[in-house]
Amino acid sequence: MHNIEAIDKLLITELGAAATYRQMFEAFRKDGNFTEMAPLIAIYRGHKNAISDLQAQIRELGGKPADHSGVWQAWVKRVQGANRLTTQAALDILQQGEKHAAECYLQVLRNAELPLSIRCLIEWKLLLIQISHTRILDRLVPADIG
């Protein structure tokens, strides 16, 4: 049961990430800003694939996957609450969320009782994809000068 809860938390994180990206796409479309959309669409698809993988793992363990996006909810609210979110601010929010999500994966991997199949899925697929998301956003978000 503990493993199902841990995987479910990751699923909630992924659901929130997908919701946040959908919200960003809306903001970018309204502003006519399509420059950053291509890499962000690829990241969004990565989150959708992770959702499918995690849902399958939860079902395989006999659980019922979550259907809400709790962990990223703060990021979603920041996006919804901004009247005119600049591209830079939107990318900063996504970058913060991706780093948080990677930390969530690392935290689950600290569980010594995690089944090997789930550990492999996280270590060899989901975490690597998550790290690639962060690297893509690192290239899109200029480092602070100062």
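**Note on the aromatic pairs and helix packing**

1. The count of aromatic pairs comes to two. The rule takes rings of Phe, Tyr and Trp (its six-membered ring) whose centres lie within 6.5 Å; planes under 30 degrees apart are stacked, over 60 edge-to-face, and the rest tilted. Tyr 21 and Phe 25 form a tilted pair, because their ring centres are 6.4 Å apart and their planes stand at 55 degrees.

2. A word on the basis. This is a predicted model, in which local features need pLDDT of at least 70 and side-chain atom pairs count only at pLDDT 80 or more, while totals for chains, interfaces and linings use all residues. Residues are numbered from 1 along each chain as its sequence is written, and side-chain values use heavy atoms, with hydrogens and water left out.

3. Where do Tyr 21 and Phe 25 sit? Both belong to helix α1 (residues 2-31). They are four residues apart, so about one helical turn separates them. Helices (H or I, at least four residues) and strands (E, at least two) are DSSP runs, numbered from the N terminus.

4. Is Phe 25 buried or exposed? Phe 25 is buried, at 6% relative accessibility. Tyr 21 is buried too, with a relative accessible area of 0%. Here buried means under 20% relative accessible area, exposed means over 50%, and partly exposed lies in between (1.4 Å probe, protein chains only).

5. Phe 25 also pairs with Tyr 44. This pair is edge-to-face, with 5.7 Å from centre to centre and 75 degrees between the planes. Phe 25 lies in helix α1 and Tyr 44 in helix α2 (residues 37-60), so the pair ties together parts 19 residues apart in sequence. Tyr 44 has a relative accessible area of 17% and is buried.

6. Now the helices themselves. Two packed helices are described by the angle between their axes and the distance between the axes. The axes of α1 and α2 come within 9 Å and cross at roughly 155 degrees. α1 is therefore roughly antiparallel to α2. Axes are lines fitted to C-alpha atoms, for helices over the stretch in contact, with angles from 0 to 180 degrees between N-to-C directions. Angles under 35 degrees count as roughly parallel, over 145 as roughly antiparallel, 65 to 115 as roughly perpendicular and the rest as oblique.

7. α1 has another neighbour to check. The axes of α1 and helix α4 (residues 87-109) come within 10 Å and cross at roughly 170 degrees. These two helices are therefore roughly antiparallel as well. Residues of α1 that meet α4 include Leu 10, Tyr 21, Met 24 and Phe 28. On the α4 side, Ile 93, Leu 94 and Tyr 105 are among them. Contact means heavy atoms within 4.5 Å.

8. Leu 94 lies in helix α4. Leu 94 is buried, with a relative accessible area of 0%. From Leu 94 to Met 24 the C-alpha to C-alpha distance is 8.8 Å, across 70 residues in sequence.

9. Last, the whole chain. The protein chain has five helices and zero strands. Of its 146 residues, 48% count as buried. Among contacts with a separation of 6 or more, 78% come from residues 24 or more positions apart.
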